[in-house]
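Please consult the sequence and the three-dimensional structure shown below.

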Amino acid sequence: PCGNYVLLGRKKIWPTGRYSCLAGFVEIGETVEQCVIRETAEESGVKILPESIVYKCSQPWPFPSSLMIGYFAVAAGHRDEGLPSITVQEEEMEDVQWFSKDEIVVALQSGPGSTSLMNVLTPMTTAAETQQQQLQLPGKASVARYLISLWADQDKAN
């Protein structure tokens, strides 16, 4: 089931509803693949199948003079045939969630702000709740947005 869902997280300092790919820095003596496994586990508690890690792209990043490297990977161990459970590392992340491909496609098509409703709203939903339920994706110039778009479009290419 993981192929139909993407794992995204949000930092406390980001605008309400902003979610992006999980990220981190490579440690000394660590391969980039080991970094993908470690950072995903640290920030979300989700384990990655090492053999599933595939390089997709890179982007120079000026803060702090780094190189962003983008990978796809598959989560290991589905609980009860569902998605792996998430354990958020609260020091770094405010929230981490699985988003369906349908939710991401709607967010990608929602115009300049990349905003869509994450959940179906009920007639009793307040304006404040609506604001909190909006999914905002990273900007179009980011490696994270490219990865999310590439993932959302992968079925179309097949």
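**Charged contacts and strand pairing**

Arg38 is buried, at a relative accessible area of 18%; here buried means under 20% relative accessible area, exposed over 50%, and partly exposed in between (1.4 Å probe, protein chains only). The model is predicted, so local features need pLDDT of at least 70 and side-chain atom pairs count only at pLDDT 80 or more, whereas totals for chains, interfaces and linings use all residues. Residues are numbered from 1 along each chain as its sequence is written, and side-chain values use heavy atoms, with hydrogens and water left out.

- Side chains of opposite charge can pair when their charged atoms come close.
- A salt bridge is taken as a side-chain nitrogen of Lys or Arg within 4 Å of a carboxyl oxygen of Asp or Glu.
- Six salt bridges are found in a search of the whole structure.
- Arg38 forms a salt bridge with Glu30, with 2.6 Å between the closest N and O atoms; Glu30 is buried, its relative accessible area being 17%.
- A salt bridge also joins the side chains of Arg38 and Glu42 at 3.3 Å, N to O.
- Because Arg38 and Glu42 lie four residues apart in helix α1, about one helical turn separates them.
- Glu42 is partly exposed, with a relative accessible area of 33%.
- Arg38 and Glu27 meet through their side chains in a salt bridge of 3.9 Å, N to O.
- This pair links distant parts of the chain, 11 residues apart: Arg38 belongs to helix α1 (residues 32–44), and Glu27 to the loop between β1 and α1.
- Helices (H or I, at least four residues) and strands (E, at least two) are DSSP runs, numbered from the N terminus.
- Glu27 is partly exposed, at a relative accessible area of 45%.
- A network of salt bridges links Glu27, Glu30, Arg38, Glu39 and Glu42.

**Strand β1 and its partner**

- In strand β1 (residues 5–10), five of the six residues are buried, so the strand is largely enclosed by the rest of the structure.
- Strands β1 and β4 (residues 95–100) run antiparallel and are joined by six bridges; two strands pair if DSSP finds at least two bridges between them.
- Opposite Leu8 stands Gln97 in β4.
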